[in-house]
Amino acid sequence: MNVAICDDEMQDAVNLENLLLEESFQNIPCDVFTSGPDLIRHLTDGGDRYDVFFLDIEMKGMNGIETARWIRRLDKAALIVYVTNHQDYVYDVFETLPFRFLKKPVTAECLEKVRFDILDYFHTTKQIFSFVQNRVRCQVFTGEIQYFESRGREIILHAAQQTYSFYGRIYKLAETMNPNLFGQPNASFLINMDSIFSIDKEHVTLKSKMLIPITVKYRRSFQESYINYVKWRRIR
């Protein structure tokens, strides 16, 4: 896991870096940037990919929210933690899918709570899902799964780059998957909620533009699953 800090206040950046390295993220690479353009330039020039970004919101010039919008164009999966003196930005940042907020000055105690949530998230998405396809044992990370689709006795696994098939029942599969990450909108689909672009009363639209119906029988439970996912995945 690689971590990036972006803060135009060098002392704040150094303090956060020291806390990360000394208390919470030992032996994890951590790079510091003092402006949004510097960070974006590094990413677009083929620099390291980061799994977690700690972004100061109130940076001069390109602020943290604008920087996060650029990050989201390049990486939909990275976790963004906003570091701020204020809470006034809460409703402005949803489009960038923030993971958590840290209030300045950052303390070891607050950072430890965020560290636990980050590691829990990565542990969940990096778990291995095993299945048998054509008598061959296959494995994929749960975070790479977009959704499962039931076709009779066969289940189709749709991953980011490939599809697989194996025998099983969706309702039994749902019992084995992490309920914080997977939800069932109807009897035939089980969705990785990280793959959702939008939801209305009758449909789920995935980031791949796939449209999946929400049936009356599953509507309430799926909505509850999504609310629980948002609490787990995003702002606290």
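**Review note on the predicted model**

1. R151 is partly exposed, with a relative accessible area of 47%. (Buried means under 20% relative accessible area, exposed over 50%, and partly exposed in between, with a 1.4 Å probe and protein chains only.) Its salt-bridge partner is E149, with the closest N and O atoms 3.3 Å apart. E149 is buried, at 14%. (A salt bridge needs a side-chain nitrogen of Lys or Arg within 4 Å of a carboxyl oxygen of Asp or Glu.)

2. This is a predicted model, in which local features need pLDDT of at least 70, side-chain atom pairs count only at pLDDT 80 or more, and totals for chains, interfaces and linings use all residues. Residues are numbered from 1 along each chain as its sequence is written, and side-chain values use heavy atoms, with hydrogens and water left out.

3. How confident is the predictor? The protein chain averages a pLDDT of 88 (the predictor's confidence in each residue, from 0 to 100), and 93% of the residues score at least 70. Confidence is lowest in helix α1, residues 10–24, at a mean of 85. Strand β12, residues 189–192, is highest, at 97. (Helices, H or I of at least four residues, and strands, E of at least two, are DSSP runs numbered from the N terminus.)

4. The salt bridges number 10. K104 takes part in two that deserve a look. With D12, the closest N and O atoms of K104 are 3.1 Å apart. K104 lies in the loop between β5 (98–103) and α4, and D12 in helix α1, so this pair ties together parts 92 residues apart in sequence. With D56, the N to O distance is 3.4 Å. D56 belongs to strand β3 (residues 52–56), so here the parts tied together are 48 residues apart in sequence.

5. K104 has a relative accessible area of 11%. D12 is partly exposed, at 30%. D7, D12, D56 and K104 are linked in a salt-bridge network.

6. The backbone deserves a check at K104 too. A cis peptide bond joins K104 to P105, with omega about -10°. P105 lies in the loop between β5 and α4.

7. Positive phi values also turn up outside glycine. Phi of N134 is near 50°. N134 sits in the loop between β6 (128–133) and β7 (136–141), and is exposed, at 70%. Phi of K209 is near 80°. K209 lies in the loop between β14 (203–206) and β15 (211–213), and is exposed, at 61%. Most residues other than glycine have a negative phi, and most peptide bonds are trans.

8. How many disulfides does the whole structure hold? The search finds 0 (a disulfide is a pair of cysteine sulfur atoms within 2.5 Å). The sulfur of C6 is 12 Å from the closest cysteine sulfur, in C30, which is too far for a bond. C6 is buried, at 0%. C138 also counts as buried, at 14%.
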